[in-house]
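Please look over the sequence and the structure shown here before reading on. The report below goes through the model one topic at a time.

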Amino acid sequence: MRVVTLLVALLPALLAQPAAVSPETVVLTVHGRKYTRAEFEEIVKAMQAQNQTAVDNLKTAETLGRNQSLADEARRKGLDRKPSVVARMQVFEA
């Protein structure tokens, strides 16, 4: 976990390096393992993709929960018998 925290803390500085730095230049060493600029950039891309997927999944779960709660509340209030509400609720039931 400390390595991830360290990477996140150093990320802005490492990415701010001039583009003239060769992809083969070592930009990070962790526990003796040296990472070139090219390797580090690939790791950053992978981490960003994973984080975005996690954020997207969380948003989807939150939306699903909110929609289901609204549909349940509409049923409790008897609104599920109104044609305008029925059409909307069918979207949540899918």
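## Elements and the hairpin

Strands are runs of at least two residues that DSSP assigns as E, and helices are runs of at least four residues assigned as H or I, both being numbered from the N terminus. The model is a predicted one, and in it Thr36 belongs to strand E2. This strand, residues 33–36, runs antiparallel to strand E1, residues 26–30, and four bridges join the two.

Within this pairing, Thr29 has Lys34 of E2 as its bridge partner. E1 and E2 make a hairpin with two residues between them, and His31, which lies in the turn, has a positive phi of about 50°.

## Around Thr36

Is Thr36 buried or exposed? Its relative accessible area is 17%, and because buried means under 20%, Thr36 counts as buried. When neighbours within four places in sequence are left aside, the residues in contact with Thr36 are Pro23, Glu24, Thr25, Val26 and Val27.

## Glu24 in the loop

Glu24, which is among the residues in contact with Thr36, is found in the loop between helix H1 (2–15) and E1. Its relative accessibility is 59%, and because exposed means over 50%, Glu24 counts as exposed. The side chain of Glu24 makes a polar contact, at 2.6 Å, with the side chain of Ser22. Glu24 and Tyr35 are 11 residues apart along the chain, and their C-alpha atoms are separated by 8.8 Å.

Which residues make up the largest nonpolar core? There are six in all, namely Val27, Leu28, Val30, Tyr35, Phe40 and Val44. E1 and helix H2 (37–76) are the elements that give two or more residues to this core, and the largest share, three residues, comes from E1. In soluble globular proteins, nonpolar side chains tend to be buried together.

Tyr35, one of the residues of this core, also has a charged group over its ring: the charged end of Arg33 sits there, 4.3 Å from the ring centre. As for pairs of aromatic rings, where the centres would have to lie within 6.5 Å, the count in this model comes to zero.

Key
Residues numbered from 1 in each chain as written. Predicted model: local features only at pLDDT ≥ 70, side-chain atom pairs only at ≥ 80, totals over all residues. Heavy atoms only, no water. Phe/Tyr/Trp six-rings, centres within 6.5 Å; stacked < 30°, edge-to-face > 60°. Lys NZ or Arg CZ within 6 Å of the ring centre and 35° of its normal. Pairing = 2+ DSSP bridges. Buried < 20%, exposed > 50% of the residue type's maximum accessible area, 1.4 Å probe, protein only. Contact = heavy atoms within 4.5 Å. Polar contact = N/O pair within 3.5 Å; in protein donor to acceptor, adjacent residues only side chain to side chain. Core = buried A, V, L, I, M, F, W, Y, C linked by side-chain atoms within 4.5 Å.
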